[in-house]
Amino acid sequence: MDPSPEFRDWANLPELPLSEVLRGLLPCLRSVYAFAAACQPWRRLLRDSAADLVRPRIPPLLLLCPTYRVVPFSQLVVAALLSSYPVPGDATLLSASRGHLVLLRRRDPFHGLHLVDALTGATRHALPLPSPHFAYHYAALAPSRRLLLFHSKHAFFSLPVGDAGHNPRLDWTKHSLPRAASFVRSILEFRGRVLGLTDRAQLLEFHLDANPPNKSAQMLHAAGLPEVSTFDRWHFGPHLVAAGDRLLLVLFMMGPKLGHMFETLVSVKKVGVYALDMVKMRWEEVDNIGAYSLFVDCAGRSTAACVDVENCGVEANRIYIAAPGCRDWYAWRPGREVPLGGQGLGPLSIQAMNHLPWPSQIWIYPRLLF
């Protein structure tokens with residue numbers, strides 16, 4: 001074989017040096033896309049290392065609402081401004097999940113679930129609902145390319161989702177939830193397991209291939225959390241996030257109610273972070289998350305953990321919150337309390353969330369990174 005550079009087999013480089021090449025391209029998304037476009041083996045390595053190597057080293061993009069323009073945290077991520085895209089006015093956002101916006105539309109002829117590319121706004125799937133009569137409150141894409149759709153505390157539906165425009169099966173499967181579970185509000189992949197979190201901060205594990213389907217979810221009992229009445233359950237909500245090998249829980253601790261009976265203002269007095277001891281199954285509150293930074297999205301019901309992104313202007317041991325009243329990220333330290341008598345975390349009030357169709361900006365990642 002000719003040893004000259006133009007005849008070298010660049011596609012089959014060993015994984016270790018190729019991973020170092022990919023690491024050197026971060027956090028520039030343009031370079032990451034170019035890496036993925038080089039050949040199938042390189043794209044496959046990118047997908048395989050996205051969760052551990054790539055996503056934690058790229059701060060999420062912020063989707064501004066209601067202009068629906070994507071804005072990077074730093075120009076090192078995206079140098080040029082991205083164009084905005086239209087979102088149907090009748091759409092309800094169920095979640096931002098694995099590079100998609102999951103939208104619920106009730107108006108004919110678009111009645112159903114719409115999976116929209118979060119970066120471009122292109123509709124990738126338009127799916128019929130299992131029933132037009134249920135009040136669906138959350139949906140998410142699982143790692144197994146299944147769409148999970150939740151309509152009550154007791155049951156949910158799943159549907160295999162193929163490539164855009166191709167759905168070989170359109171039959172929803174109904175699954176039961178544990179009787180003691182409350183409303184599921186987030187889904188997370190952690191160490192090969194599919195975990196869920198309810199509005200009461202209950203931890204679930206999903207086994208979507210279980211037979212019968214009433215065994216598809218089980219409760220993982222964990223102690224150590226404060227009383228449910230002390231943290232917000234739905235507007236800000238509990239958030240589950242994987243930070244390296246640690247499973248973290250973010251709780252928005254509420255202050256006293258202010259105002260009168262017709263207009264009540266409830267503010268956040270503290271953002272608490274809890275780490276799960278997987279052996280003891282006990283949550284322990286932490287006030288330092290080390291080199292990690294957390295990005296919490298209240299409307300999209302998702303949270304990301306980033307590390308080694310100081311060059312993008314991200315501070316370690318910070319929680320960046322996309323919330324109502326904030327045109328940008330709102331940064332806060334884990335566990336920091338507001339003095340009694342204060343107004344909580346400034347714009348983070350439930351009152352502000354009740355007057356917007358999409359209650360805040362949301363963060364997204366491209367589909368390429370999943």
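Q: In this predicted model, which residue of β23 is the bridge partner of L62?
A: Strand β1 covers residues 61–64 and strand β23 covers residues 362–364. The two pair in the antiparallel sense over 3 bridges. Within β23, the bridge partner of L62 is W363.

Q: Which residue in the turn of the β1 and β2 hairpin has a positive phi?
A: Let's stay with this hairpin for a moment. Between β1 and β2 there are 4 residues. A positive phi of about 55° belongs to a residue in this turn, Y68.

Q: Are α1 and α3 roughly parallel or roughly perpendicular to each other?
A: Two packed helices are described by the angle between their axes and the distance between the axes. Here α1 (residues 15–25) and α3 (residues 40–54) have axes 11 Å apart, at an angle of about 65°. Angles of 65 to 115 degrees count as roughly perpendicular. The two helices are therefore roughly perpendicular.

Q: How do the residues of the contact of α1 with α3 divide into nonpolar, polar and charged?
A: From α1 come E15, L18, S19, L22 and R23. They meet W42, L45, L46, S49, L53 and V54 in α3. The residues of this contact divide into 7 nonpolar, 2 polar and 2 charged.

Q: Which strands stand at the edges of the open sheet of 4 strands?
A: The order in this sheet is β20-β19-β21-β22, and the pairing is mixed. Two of these strands have a single partner strand each, so one side of each is left without a neighbour in the sheet. The edge strands are β20 and β22.

Q: Where the sheet pairs in the parallel sense between β19 and β21, which residue stands opposite L294?
A: β19 (residues 293–297) pairs with β20 in the antiparallel sense over 5 bridges, and V296 stands opposite T303 in β20. With β21 (residues 318–322), β19 pairs in the parallel sense over 5 bridges. In β21, the residue opposite L294 is I319.

Q: How many of the residues of β20 are buried?
A: In a regular strand the side chains alternate between the two faces of the sheet. S302, A304 and C306 point one way from β20, T303 and A305 point the other way, and all are buried. β20 is largely enclosed by the rest of the structure, because the buried residues number 5 of the 5.

Q: R145 and A201 both have a positive phi; which is buried?
A: R145 has phi near 60° and lies in the loop between β7 and β8. At 46% relative accessibility, R145 counts as partly exposed. A201, with phi of about 65°, lies in the loop between β12 and β13. With a relative accessible area of 6%, the buried residue is A201.

Q: What is the omega of the cis peptide bond that joins N211 and P212?
A: A cis peptide bond joins L26 and P27, with omega of about 10°, and P27 is found in the loop between α1 and α2. P212 is found in the loop between β13 and β14. For the cis bond of N211 and P212, omega is about 5°.

How values were computed
Residues numbered from 1 in each chain as written. Predicted model: local features only at pLDDT ≥ 70, side-chain atom pairs only at ≥ 80, totals over all residues. Heavy atoms only, no water. Axes fitted to C-alpha atoms, helices over the stretch in contact; angles between N-to-C directions. Parallel < 35°, antiparallel > 145°, perpendicular 65-115°, else oblique. Contact = heavy atoms within 4.5 Å. Nonpolar A, V, L, I, M, F, W, Y, C, P; charged D, E, K, R; others polar. Buried < 20%, exposed > 50% of the residue type's maximum accessible area, 1.4 Å probe, protein only. Pairing = 2+ DSSP bridges.
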